[in-house]
Amino acid sequence: MSTIPTEAPSVSITVVSATGDELPVTSLSKSRFGDLYRLQQSLAEVEKPFYAAFGQDEFVNEEGFRSLVDSGDTLIAIDGQKDDAIDSFVCVAPSVFARYYNAAVADIFIGVDSAQAKAGMFRKWIDIATAHARKLGYVTSLVQTFVTNVGSYNDLREAGYEFCAALPTSGRLRGVGVTDTVLWRKYVAARKTCDFSKRRVPRDECWYFGDAIPRQDIGWPRIYTLKDGTLIEWNKLQSDDIEAYCRLFVEATERGEGYTADEANPEMTRHLIENQNVVSSTFKTVDTGEVVGAGLILPATCSRTTTSIITGGSMVVRPDYVSKGLGSVMMELWQELAICCGYDAVYGETHAKHTAVLNMAIKMGMRMIGCVPGTIKLPVSGWGDTVLFYMPFGRYLKASNVKSA
């Protein structure tokens, strides 16, 4: 399945290397993927955190890196002086922060070694990548850098990018260990120019969720008593409940609670729950067997590690059970479930206008870490922003020094 947002535009540009050589830029061909992967791996091995392009264990195998490359459009610079070796590259892919299939938000990955970056190559690639994202039909581009990569900050600001979030414990660098990342964004086109009739597939649909994580016994099923005395059974999602599970998200979308129609698509939901690192659960009434709440956790898609330290996920409660305290029960169990699944922190996101979830997250001890504009396109209220929040509880509780946004 092609995941390039529009037909890839023809490329006819050059980039000047640190040595002053003009390097032709071309689209990546399948035959060059192996060369590109070796370059990416070499960049992850460099112990220079001030210009680190990739994490130590961001892509520890070809499968993970291929999932990124296959999801987007990759440009490479060819060095004719080195037997046509790949000198540097950029990949423009549908963003993991985009909350709809017709994703108008792009994630940009740039691979430039530290020597080239110091000589201004990173700055040149930012402009090329931004222009390419615009040609591909995106409205917004995002660049996620390691917090230690201070060499990129001025380059991004000069290119018109602005800080929008800090993501704690989301990466691991050689010579540094667990570290944070910083998210930058720039509008590359007017929103009104985005053609939403073109189906842009989010990276979640082809993203490699990493290696299997050892799990503790969760102890399913369990019974909980709500405020009004209703007995609720919490259990792993059963095949017979998939339709009811999906319907809860569809209904929440129709109520405008921050989910998009694409996120609530049963096809997308089934794709997620079939992955070995996604854990889905339901809350059913004991007396009638109705599914009145549901949720899932998975490796946070913003994580820059193959074996994720942080988990993301989603949850939904049927409206008539919100007042009974089911939402609070689910939030408390989310942390326990994350620990059982081997994570050290919870990362969440919600529609900026979904104040009920925001208030509940703050009450449960989560902290807001940023806001990504224009990542939601709701059928009724139009464009919306995503608020990000975070709560550490494991080994890396004190790993991050990044202050709340």
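Modeller: Happy to; let's begin with the aromatic rings. Phe 33, Tyr 37, Phe 54, Phe 59, Phe 65 and Phe 89 form one aromatic cluster. Rings of Phe, Tyr and Trp (its six-membered ring) pair if their centres lie within 6.5 Å; planes under 30 degrees apart count as stacked, over 60 as edge-to-face and the rest as tilted. Please keep in mind that the model is predicted: local features need pLDDT of at least 70, side-chain atom pairs count only at pLDDT 80 or more, and totals for chains, interfaces and linings use all residues. Residues are numbered from 1 along each chain as its sequence is written, and side-chain values use heavy atoms, with hydrogens and water left out.

Biologist: How many aromatic pairs does this rule give, and are the rings of Phe 33 and Tyr 37 stacked or edge-to-face?

Modeller: The count by this rule is 12 aromatic pairs. For Phe 33 and Tyr 37, the ring centres are 6.4 Å apart and the planes lie at 10°, so this pair is stacked.

Biologist: Which helix holds both Phe 33 and Tyr 37?

Modeller: Both residues are buried, where buried means under 20% relative accessible area, exposed over 50% and partly exposed in between (1.4 Å probe, protein chains only). They are four residues apart, about one turn of the helix, and that helix is H1 (residues 33–45). Helices (H or I, at least four residues) and strands (E, at least two) are DSSP runs, numbered from the N terminus.

Biologist: What kind of aromatic pair do Trp 220 and Trp 234 form?

Modeller: Trp 220 sits in the loop between strand S8 (177–187) and S9, while Trp 234 is in strand S10 (residues 231–236), so the pair links distant parts of the chain, 14 residues apart. The centres are 5.3 Å apart with 85° between the planes, and the pair is edge-to-face.
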